[in-house]
Amino acid sequence: MQSSPQNNSDLPPELCAKPLALVGVSGLDTLNNAVHKSIWETFSNNRRADRSPVLFKLIGNAHEFPVIKPKRTSYDWYIPKGILKRNWMNKHLYEIPAVIVIFYDLDWNDSLWNEKMIECASRVQSLRAALEGRNTRITVVLIQNTLPLPPGEDVLASDRAISLCASCELNSTSLFVLPHGDHLQGYAVRLESAFYEFAQNYYHNEIKNVRAHKEHLNKNSHQYLLVRHQYKMGFLYELKQDIHTAHKHYTHAYNNLLEIRIVDTNALEIRTVAGFINYKLCKLMFALNLPRDAISQFKAHIDRFKSRMGFQELTFEHYAWLSKQFSVFGDIFDEAVKLGLPAVQTQHPGIYYQQAAQYAILRKKSCQELCGNVIAFPHPDPLEGSNYLEFYGQRPWRPGKLSAEPPDPQLESNGIQAIQFLEKQHPHSNTIVALYGLAISQYKTYRCPRTRRHLVLQMAEEYYNSHDFGKALTLLTHMLADFRSEQWWLLLTDILEKAIRCAYLTASISDYVILSLEVIGKNSQLNLEHKKKIHDNIQRILKKQIPFGDQRLTPDVLQSAVIQWQPKLQIEPIHLTLDLGKITSCIETKARFMQNKYEADQNVTVEVYIKCTSPLPLVFTKVAVTINTPTYNSEYAVDNVNLSSGSLEFNTDEVKRFVIEFMPDSNDVNNEIQIGAITLMMGTPEDSSLDLKFNPLNILNSTCQELLHFKYCPDKLDFDNILPLTATTIIPRHSKLEIGLEYAIPALLGEWFEIKMFINNEEPHSIKDMKVEVTLGKDETISLTEFSTNSSGIPDKLPIALNLPSSLQKHEKCTGNFYLRAHKVVENIIEVKISYTLDRDKPVISIKTETIIVPVVKPFEITTKFLSSLMEEVSQFYVGEEVGVMPSIRCLSPWPIVIESTAMEFSSPFKSTENNVVSHLANTKLANKEVGVELFLGVCEKTSESNVTVGQYMVKWRRENGLGTTSQLTILGYPCEWIPLELKMIAPAHGLVRTPLLISYHLYNRSQQLLQLEIAMEASEAFMYAGYKQFNVSVLPESEKTIQYNLYPLIAGSVALPKLILTIPENTGEVPDLRQDQLKSLVDRSLPTHLYVMPQVKGSPPTPDAFKPRKLAKIK
């Protein structure tokens, strides 16, 4: 039976695995016990980088450990059979634990302590017996449900811990407690740190045991052992995480390996082990941040073994090993870069992937040379048992034999034949393509575009060689764009030739035609004979005949291609649309509009220039251009009726000009139209046709502008100097409508401003479908301005359409108007757009636009004053005290405005104190800078720390002969306070000299408490008075107290009254809610300070009744 393929170049997984200290876990029933499962997941899951480098492995009760070998005391007659044993790394990574951890459920106060202690000791002894002869550290972890007490406080725990250690024959440092609770993760991290420390001690002892063998070895007969032992120590130091020392021992192992004499029979083993050690060295050097040393080591390694091929019949095996060495080093390098190592363009992983691909190609070629004649697998199977060999790198037909022993020639021959047979089945192309893919991605990362293109072409070549022509065609066509832009015509020709061959072999008609039209152009470096064959093949496709293949192709490949072509050419008919805008084909085109702008009623003219660089004539059946508009695309063709015979036949380097005219669509007015493409048709729609679409700019085929000045061709059209113009604008025709707008600026803020419009038809024809639209020129003013088509004041959405006649006869007139209202002082740009259709044989849409600027100003400004009962301004409101609200309207309009009415609507907590409020400014006309004032009386009923909203002041106004408008202003006052005292003075309007008069002071207590005040009256030179000069008064809650004084004026004029002084007595304590400063302010704003006294009249004036002799009563 045939064995599975043996690949000695692959690295074993145990070599590539990260060495971690192995800790065996016993006693956890993860299937049936939820607590045990959570403990196991805590240790084994979420292994972050900051945790100890430990690998945990569950060990069951029936687990069998590897059998320990008997210790050797002497190596005098021992001859090693190989270098590295296949099971040694795997054994120390996954089978022999450095530490065994036995988990056991046991609390210190368990009622069955003795029985469970005996059971725990039994488990320890069982594992100790299984590990007899090994240095594995055994530890016990007690899973407990109660949290431990601080050390020294729990005497029972200390005693029982000592007895448990004695029963299990354990050191006290090997006993741990794991409380299962909320902090399980923290306990687990501490435990695994202790386990890791035990593991380091274990590996240190193992290293000492290996090192002890050194004194028994000699270099003459134990060279293999010297390599093996150094490698073992390096690996054990890696498990101990001492990578510096591990690197030193791997270096010794590598140097010892180089001293072994290499012959054909041991070349594979030495090469294999050298690859292993080199892998370890390079990986450790990158980890030690020694990238230069890693690169130098790898290069020296390759130089030493590059020529050590072994059997010539298995040369491919050597190339496979070299390829793997480069790819593995590329992986190591790439991993180091991902971890932060900087790389540059001259030294990065892609270089090694590329070299790996090159050796993979040599492997493939060597296989083709050496394995071509191998057609059968030999019997019996010489490779049987290859997966169970004891040592790395040995042949299965002679395992463990020394190189000095003569091999069996027949067995060697059968083994080589078996390897060759398996190598022949290996998918070499897949390996090569994968390596190229890795290299390409690296070169792309490090911005090496040309090397990347080179590798893509090599990948395409590999696809082609493996007969995967479709993928090869895809890669080649992607690369063509880069070489076109850089104008590497020789390279481009070579790629085109390969791409055409792939297109032919895949029967891709569109790709074949596109590439053929490019390869027969002027830039192609193919010879004329080859171009003629390709030209003939294009004509054959138009005739639905299979094109001729390249004669260099093998007959079986040609036959396969013909089979693929047959069904595709049987379709009736063949119509292909090919985009040639991005290639340098044998046909060059340019197109341009004759003007930058065309009016809507003008014919648009497009010039099309076509140049043919094919070595043989090309015949077209249609020339057209595609015009792109914002809403649709249209195609306009050259009228073949007006063309002479042979106008569409082109010879080599012939240039022809074609003119296309069309009438623009009325919907394209104010839009840009573009030449989207130039279309040439080969063949006929009835039979087979090719629609070739070209870019009108012809960028790829353009000649350097500096060189065009030296070109002289008076007898031909100068194709190179024709500048394309691919866009033009369709503008409205010039309108002859007369528009008049009548308005009086500026507009006033908030009013409906009227604009009148007059339209007069001066067109040579009547017009129809007339629409008049009004809109704003600035978008930011749309939300600040309203429009209406009538005087009702109902706003309309923009743009507004005026209600005007839809048709006008020649010289007919019409009028209309519209209104606007601005809510902010802005400058409005108003656009009036009139669109209509001329009523003639071919209707033409015309547009007339007028723009006006309407500035907006404020009609007036309103300021407000607040007055006390003495008509003096106040800055504070008081609850219950009457306030005069005096708004002033100052006219700012350049036009006189009429105030139709005003109103004051008080809002809570303010209310009016007047019964009938009348507007004093109604029907008042204000000119510019004139001011109108009126007064409203009100009172505040509640306290407020913030400014009180007094109410809304509404003004209904209009400009003269304008529409009425209402403006509204919110009036804000001052904060309002409450004081318990109200003060009023009642006095006559005037007095007479030497005539007594009576004044009364009324004090009202608003509070619920007794109010005690001290009252004093200052002396005055202008009056004599009768009454108390200073006294105390008590005002009961919600009561009024009246104080009267008789004044006798002595002088005439506006005389200052004696000043009344109110103070709070010192011995009465605090008066609730009343301060001295409030009393002073109350007196200042409530009591008049002067009285007008008239001169004495001649004669004896009558005495007022109030001052007739009477009995004065005592003040209550």
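Two strands count as paired if DSSP finds at least two bridges between them. On this basis, strands β11 and β12 of the predicted model form a hairpin, joined through four residues. Five bridges link β11 to β12 (residues 633-637), and the two run antiparallel. Within this pairing, Ala-624 stands opposite Ala-637 of β12.

Strand β11 also pairs with β15 (residues 671-683), again antiparallel, through seven bridges. Here Val-625 faces Ile-678 of β15 as its opposite residue. Strand β11 spans residues 622-628, and five of its seven residues are buried, so the strand is largely enclosed by the rest of the structure. Strands of a sheet pair through backbone hydrogen bonds, either parallel or antiparallel.

Strand β39 runs parallel to β47 (residues 1090-1094), and two bridges join them. Gly-991 has Val-1093 of β47 as its bridge partner.

The helical part of the model was examined at Ile-332. This residue belongs to helix α11, which covers residues 315-338. Beyond its neighbours within four places in sequence, Ile-332 contacts Tyr-279, Cys-282, Lys-283 and Phe-286. Leu-867 lies 535 residues from Ile-332 in sequence. The C-alpha atoms of Ile-332 and Leu-867 are 92 Å apart.

At the level of the whole protein, 21 helices and 47 strands were assigned. The radius of gyration is 55 Å, whereas a compact globule of 1116 residues would have a value near 32 Å. Along the principal axes, the C-alpha atoms fill a box of roughly 170 × 120 × 50 Å. Buried residues account for 46% of the 1116 residues. Among contacts with a separation of 6 or more, 75% join residues 24 or more positions apart.

Charged side chains number 115 positive and 122 negative. The centres of these two sets lie 4 Å apart.

Terms used: Residues numbered from 1 in each chain as written. Predicted model: local features only at pLDDT ≥ 70, side-chain atom pairs only at ≥ 80, totals over all residues. Heavy atoms only, no water. Rg over C-alpha atoms; globule rule 2.2 N^0.38 Å. Buried < 20%, exposed > 50% of the residue type's maximum accessible area, 1.4 Å probe, protein only. Contact = heavy atoms within 4.5 Å. Lys, Arg positive; Asp, Glu negative; His and termini not counted. Charge placed at Lys NZ, Arg CZ, Asp CG, Glu CD.
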